[in-house]
Amino acid sequence: MTKRILFILTGGTISAQDSDQGLVAGTINQELTDILASSELDFSYELANLFSIDSTNMQPENWLQIAQVIQDQYDYFDGFIVVHGTDTMAYGAAALSYLIQNSEKPIVFTGSQVPLSKIGNDGVKNILDAVTYATSDDAYAVSIVFHGEVLLGTRSRKVRSRSYQAFQTIDFANRAVVRSQKALPILNRANDLAPVQFYHQLNPRVGLIKLTPGLPAQVIEAYSQMTDVIIIEGFGIGGIPQLSQLDYAGQIRRAVSQGKYVILTTQVPMEGSDYEVYAVGQSILGEKYIIETANITSEALVLKAMWALGNSTDFAQFKAMIQQPVDYDYLK
């Protein structure tokens, strides 16, 4: 059966053109048409030019727009390919993973490190690989397809700023790989997916603090004035400095006394956190409005907090949403 694919174009490096101010996002309708004509796969497609921006400028409202387009067209297409800039692609894929859950249809993010307008670019391969995966019978959920790899939307991170192998699935297996125009699954597709569920809210009042030695604890107070959820990336398996001159614990307690939610995680990318191991972690556990996470990427945690904050009515519901696994995002 011929698969119907909707391309949602958002700009990014893949569309970039030279200007006096450096590369700027453009449009690639004709380039895409030429690339897709070279594929031997059985599919039809349509192009939706949603916007054309550098992904550094991507905001939560942009991902809400993308999700709405997919919801509006969900019954008419077999798969969706979001052409997106790489700098915030991991955040975008995480956002769509929470806004569109249990999708039996593939929602694929792809792009390139080098513009299609440049010789030797990686965009042509990534586009064709994205089509290969999106038209596969085993494809589902939100993924990033890049450099022949199919990465989970909830566990991806950009780990290289120049190389073509730009993304990595953090602390977990890839969903699949693409080789010679074939998608080879690594993770088995679930046979008992619940019905697809769409959400329409992302509350951006979420901030992330990466602790560094000597960082004044007053940064927590500053964040409390601008956000409702403060994510703190502690040291190692889970440590917050216990120094009287810094008083992180006091600042955290003041934040939660003001009704702010505090989420504790680690800046270490692999193996997650456990704040109960050391005294420097246990010192603030058990406080009201504090959540300790397990193994989750910072990109996913920021967007999951935005999603949970936008779709919950109290702390108990918010905490349950954070700790409920979505497509392998939350490993214990």
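Buried means under 20% relative accessible area, exposed means over 50%, and partly exposed lies in between (1.4 Å probe, protein chains only). The model is predicted: local features need pLDDT of at least 70, side-chain atom pairs count only at pLDDT 80 or more, and totals for chains, interfaces and linings use all residues. Residues are numbered from 1 along each chain as its sequence is written, and side-chain values use heavy atoms, with hydrogens and water left out.

**View 1. Glycine 250 in helix 6.**
Glycine 250 sits in helix 6, residues 248-257. Helices (H or I, at least four residues) and strands (E, at least two) are DSSP runs, numbered from the N terminus. Glycine 250 has 12% relative accessibility, so it counts as buried. Its C-alpha lies 9.1 Å from that of isoleucine 284.

**View 2. Serine 224 in helix 5.**
Helix 5 (residues 218-226) carries serine 224. Serine 224 is buried, with a relative accessible area of 7%. Contact means heavy atoms within 4.5 Å. Leaving aside neighbours within four places in sequence, serine 224 is in contact with Ile230, Ala255, Gln258 and Lys260. Between the C-alpha atoms of serine 224 and glycine 259 the separation is 9.5 Å, and along the chain these residues are 35 apart.

**View 3. The annotated binding site.**
An unreviewed UniProt entry gives the annotation "binding site" to Ser55, Thr86 and Asp87. UniProt positions are given in the numbering used here, feature names are shortened, and annotations may be inferred rather than shown by experiment. The three annotated residues spread over 33 residues of sequence but cluster in space, with a largest C-alpha distance of 6.8 Å. Ser55, Thr86 and Asp87 are included in the lining of the second largest pocket. On a 1 Å grid over the protein atoms alone, a pocket is an open set of points where a 1.4 Å probe fits, with protein on both sides within 12 Å along at least five of seven lines; lining residues have an atom within 4 Å of a point.

**View 4. Serine 55, aspartate 87 and threonine 88.**
Serine 55 is found in the loop between strand 2 (43-53) and helix 2 (60-73). Serine 55 is buried, at a relative accessible area of 3%. Not counting residues up to four places away in sequence, serine 55 touches His84, Gly85, Thr86, Asp87 and Thr88. Aspartate 87 lies in the loop between strand 3 (79-83) and helix 3 (89-99). Aspartate 87 is partly exposed, at 43% relative accessible area. With residues up to four places away in sequence not counted, aspartate 87 touches Ser55, Thr56 and Lys158. Threonine 88 is also in the loop between strand 3 and helix 3. Threonine 88 counts as buried, at 13% relative accessibility. Beyond its neighbours within four places in sequence, threonine 88 is in contact with Ser55, Thr56, Met58 and Trp63.

**View 5. Helix 4 within the structure.**
Helix 4 covers residues 123-134. Of its 12 residues, 10 are buried, so helix 4 is largely enclosed by the rest of the structure. Among the buried residues are Gly123, Asn126, Ile127 and Leu128. The expected span of a helix is 1.5 Å times one less than its number of residues. Helix 4 should span 16 Å, and its end C-alpha atoms are 16 Å apart, which agrees.

**View 6**
The structure holds 13 aromatic pairs. Rings of Phe, Tyr and Trp (its six-membered ring) pair if their centres lie within 6.5 Å; planes under 30 degrees apart count as stacked, over 60 as edge-to-face and the rest as tilted. The ring centres of tyrosine 199 and tryptophan 307 are 5.4 Å apart with planes at 90°, so this pair is edge-to-face. Tyrosine 199 lies in the loop between strand 12 (197-198) and strand 13 (206-210) and tryptophan 307 in helix 8 (residues 298-310), so the pair ties together parts 108 residues apart in sequence. Tyrosine 199 and tryptophan 307 are buried. Tyr74, Phe77, Phe80 and Phe198 form one aromatic cluster. A charge sits over a ring if NZ of Lys or CZ of Arg is within 6 Å of the ring centre and within 35 degrees of the ring normal. Arginine 4 lies over the face of phenylalanine 77, at 4.5 Å from the ring centre. Lysine 105 lies over the face of tyrosine 74, at 4.7 Å from the ring centre.
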